[in-house]
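This report goes through selected features of the two chains shown below, beginning with a term that the rest of the text relies on.

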Amino acid sequence: MIEFSNVSKRYDNGVMALNNVNIKIEKGEFVFIVGPSGAGKSTFIKSILKEVDATTGKIWVDDVNITRLHRRRVPYLRRKVGVVFQDFRLLPNKTVYENIAYAMEILGTPQRTIRKQVPMILSLVGLSGKGNVYPNQLSGGEQQRVSIARAMINNPPILIADEPTGNLDPETSWEIMKILRTINRRGTTILMATHDKDIVDIMKKRVIALERGGVARDEKIGVYGYDD
Amino acid sequence: MTIKPLFTLREALKSLWRNRLMSIASISSVSATLIILGIIFSLIVNVNASTQAAKDQIDSIKVYLEDGLSSEEGQVLQSEIEALVGVESVVYENKDEALTKWKVSWEENAYMLEGLEKNPLPNAFIIYLSDIYYSESVLASLGNLDGIEQVKSHQDIVTTLLTFSELIRKAGLIIIFILIAISTFIIHNTIKLAVNARNREINIMKYVGATNWFIRWPFLVEGTILGLLGAGISAVVIKMGYSYVYNLLCSDFFVFIAAYVIKPEVLMKDLVFLFVVIGAGIGALGSIWSMRKYLNV
């Protein structure tokens, strides 16, 4: 589903963010990406989304070689990869309903279908009846659910979560994890970068640890492995 | 992907309303620019029109005949004038014809001439010159002829007017160009502020997988609507202001000037077209230009 082959990324300021990374993630896997700050987690995620271009090596996403993807094709790659961020990134001027509908409107989905599907996904993330509320009227956990709903509304094969629980208290974090697990069980490949030791240790999923731009550990059923 | 006009228009209108403070700022800066532009435009157009009217008179010299002149004397005088170098033709203008012409040129104000008990105008010759070049020598020769009450040529006025109007036109064009440059900059900045506030928004749209044009269209339509609203406001302001000045000039005191002043309806026809094109243009260009860098995510 996702494959990195000898990928290195050197930024213009000389920082070597990724150093000869080889990773293969199969369809339906749930993978934690851990590691200290500055280890290359962000660059790893950004290169899947084509926000940064790898300096050397090859990257496949959903069996497509995206190493030399034309700028105009990038939006089509991103439709196959749902993204959830630590700071939610909801459109502040749009209601919950409109935020989710926007992702469907991009694909040219008819309004009739949108009106049917948005309430369904809202109930999946436990936000039934909150469609007409603006993001700033919701709690952090609720906002994160909206952002998961938006990421999943078009059923992408891959979901990337960049520290999705970073701004949430432990209890809310677990609610988010439950939703992610449900989505994973339905067949979506999930890649989650995190600093949350408890979550990684309890979930017992594959763990890839990045350190100084390289893969330090890759365990089928791993633990967080850091003290912080 | 095909463009969806309905979605685009709905998004643009929603965003206009939800960012209404910024919308008002943009509309104000567009209309302020267009109003100044409209004032200068109407000045130039009027100076042009009066210069044109003056030019039509420059190649003719009017000779008023002494009141008691007999028709034989008149014919002698006419042939004498026709013999002068540079005279192309001489046309006799009966005093009654002259009055009718006067009335026609005054149009709706002609009623003011109805009160005249007797025609105050003298009979006249209108001398058409083969070239303006000869006007000085013809004028000199006319002084030596008998039976002439008064020679009327607009040469001095016309020369001054020509220089003056040329100056105004050039200065006006320069000012208009500077204004357009400044206003595009101001509007660009206003929209940049608006877009800057929505930098995050555009960023998020890119992450969700929106193509550049999918993001751009609503912004483009929004900018165009802002520009058109600005154009509408300035058209109304100019129309009201110009009509006021025109009516003032048409009052009895200035009626001689008013004959050369362009009517508000005629001016507005050109001006509205100009406003719509410039307003929509800077609105659309401004929005595309200022959001350009945010799209590269």
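The model is a predicted one. In chain A, A:Phe88 is placed in the loop between strand 6 (81-85) and helix 3 (96-105) of chain A, and A:Asn155 lies in the loop between helix 5 (140-152) and strand 7 (158-162) of chain A. Most residues other than glycine have a negative phi, yet A:Phe88 has a positive phi although it is not a glycine, and A:Asn155 likewise has a positive phi without being a glycine. The table sets out their values.

| Residue | Phi | C-beta neighbours inside 10 Å | Class |
|---|---|---|---|
| A:Phe88 | about 65 degrees | 21 | buried |
| A:Asn155 | about 50 degrees | 13 | partly exposed |

Since a residue is called buried if 20 or more other C-beta atoms lie within 10 Å of its own, A:Phe88 counts as buried because it has 21 such neighbours.

**The sheet of chain B**

Four strands of chain B form an open sheet in the order 2-3-1-4, with antiparallel pairing. Strand 2 (87-93) and strand 4 (148-152) of chain B stand at the edges with a single partner strand each, so one side of each is left without a neighbour in the sheet. Neighbouring strands of this sheet are turned by 20 degrees against each other on average, direction ignored. Strand 2 of chain B pairs with strand 3 (residues 124-129) of chain B over six bridges in the antiparallel sense, and B:Ser89 stands opposite B:Tyr128 in strand 3 of chain B.

Two helices lie across these strands. Helix 3 (residues 71-82) of chain B lies across strand 1 (60-65), strand 2 and strand 3 of chain B, and runs at about 160 degrees to strand 2 of chain B. Helix 5 (residues 135-142) of chain B lies across strand 1, strand 2, strand 3 and strand 4 of chain B, and runs at about 10 degrees to strand 1 of chain B.

In helix 1 of chain B, the residues B:Glu11, B:Ala12, B:Ser15 and B:Leu16 are buried. They cover an arc of only 135 degrees around the axis, which puts them on the same side of helix 1 of chain B. The face turned away from this buried side carries the exposed residues B:Leu6 and B:Trp17.

Between the chains, 14 residues of chain B are in contact with 14 residues of chain A. Helix 1 and helix 7 (199-208) of chain B are the elements that give two or more residues to the side of chain B that touches chain A, and the largest share of that side, four residues, comes from helix 7 of chain B.

Note on methods
Residues are numbered from 1 along each chain as its sequence is written. Chains are lettered from A and ligands numbered from 1 in the order in which they are written. This is a predicted model: local features need pLDDT of at least 70, side-chain atom pairs count only at pLDDT 80 or more; totals for chains, interfaces and linings use all residues. A residue is buried if 20 or more other C-beta atoms lie within 10 Å of its own, exposed if 12 or fewer, and partly exposed in between; C-beta atoms are placed from the backbone. The arc is that of the directions from the helix axis to the C-beta atoms. Two strands pair if DSSP finds at least two bridges between them. Axes are lines fitted to C-alpha atoms, for helices over the stretch in contact, and angles run from 0 to 180 degrees between N-to-C directions. Two residues are in contact if their C-beta atoms, placed from the backbone, lie within 7 Å.
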